[in-house]
Amino acid sequence: MIKLYTMRFFSGLKHFCRGVSSYISRKDSPDCGRLWSSQWIRLCSRTSDIVKESNQDSMMLKHLISKIKSTGPISVAEYMREVLTNPVTGYYQHRDVLGPQGDFITSPEISQIFGELLGVWCVSEWMAAGKPKTFQLVELGPGRGFSFYIAHEFFDVLPIHKFQKTKHGWREILIDIEPNSTGKLRFVLAPHATLASKTLIQRDDERDHIEICPEAGIIVQNLASRITEDGGAALIADYGHNGTKTDTFRGFRGHQLHDVLTAPGTADLTADVDFSYLRQMTKGKVTSLGPIPQHEFLKNMGIDVRLQVLLRNASDPATHTDLIDSYDMIMNPEKMGNRFKFFALLPCNRLISSQDTKGMKRGPMASPVAGFSELQL
């Protein structure tokens, strides 16, 4: 049973899913989700208040230094876990992180259409599964039965291990105390192979620097098992790549890039999701689609059609402008349109045409998966 809950749920999705029982919401008013365009500060869509230096900031640094002095250099994964989720001084533990006044704004807050189209995706897969009478819309939570799993900007904050290829083989990148300044941290290479470098790296990986998130692997394996046993589907949207990038670990503070080792606990830490790794972890259990760019997925889902409906029903110029600006933010390849990727996990038989009992005649073709094939009007 998966017990991990993301803090970043689709606030826009709830407006659409209220009408799931009738397949598609017919509420065309754009007023059901105000667009906070003035809050768009950086393309990664997260915002954060101007953070003040405080005793709490130094508490995290002191805690990390004490830990390193006691046990030696720590992995990047352990560092991320402490900095982001430490129950006393962790970044996510003491901040109002949602909404225009919080620490980040995601695509659903930028545009109501984003959440609506994810609702359409869930309805489409529900229909493809034969319209089961009961189902669950799950945010990586517990439960049994046919389920839809949604993960938006979830995997990018899970702790990663970083590795560097050397003449002696793969070595893990660790975090240690700067010897010339006891109040600072630095990256170092492990002198010998670690358990992580021995067990996590694939032999055929040709990159010289890689980031691996074993927690993400465990989560998608659990999702794949649930989909295989009970039916359902998973849709993952996040920063990411298909096994091509190397060093993506970064921090954001005050809407700007921030040194990940400076003032730990005051900045958001993130790393791009390696979708090739997620696919590998689910191989043989489920079918995967993607990753494809956000602008392609949303276009396939009919965002242009929905935008025109909302524009026709816009009651004032300000709403009209907000709709256009929000569309540009989430669709423009130079903004969020290409940075975010969509990836789906489906039952292995989802894309297979049905056959008669003798296996001689093919039945109806499997319906296309919404968002991953071109919309036909």
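## Aromatic rings and a helix pair

Phe114, Phe297, Phe342 and Phe372 form one aromatic cluster. The model is predicted, with local features needing pLDDT of at least 70 and side-chain atom pairs pLDDT 80 or more, while totals for chains, interfaces and linings use all residues. Residues are numbered from 1 along each chain as its sequence is written, and side-chain values use heavy atoms, with hydrogens and water left out.

**Exercise 1.** Classify the ring pair of Phe275 and Phe343.

*Solution.* Rings of Phe, Tyr and Trp (its six-membered ring) pair if their centres lie within 6.5 Å, and planes under 30 degrees apart count as stacked, over 60 as edge-to-face and the rest as tilted. Here the centres are 5.3 Å apart and the planes stand at 35 degrees, so the pair is tilted. Phe275 lies in helix α8 and Phe343 in strand β14, 68 residues apart (helices, H or I of at least four residues, and strands, E of at least two, are DSSP runs numbered from the N terminus).

**Exercise 2.** Classify the ring pair of Phe297 and Phe342, and state whether these residues are buried or exposed.

*Solution.* The centres lie 4.0 Å apart with the planes at 5 degrees, so the pair is stacked. Phe297 belongs to helix α9 and Phe342 to strand β14, 45 residues apart. Both Phe297 and Phe342 are buried (under 20% relative accessible area, with exposed over 50% and partly exposed in between, for a 1.4 Å probe and protein chains only).

**Exercise 3.** Name the residues through which α5 and α10 make contact.

*Solution.* With contact meaning heavy atoms within 4.5 Å, α5 contributes Gln112, Ile113, Glu116 and Leu117, and α10 contributes Ile303, Arg306, Leu307 and Leu310.
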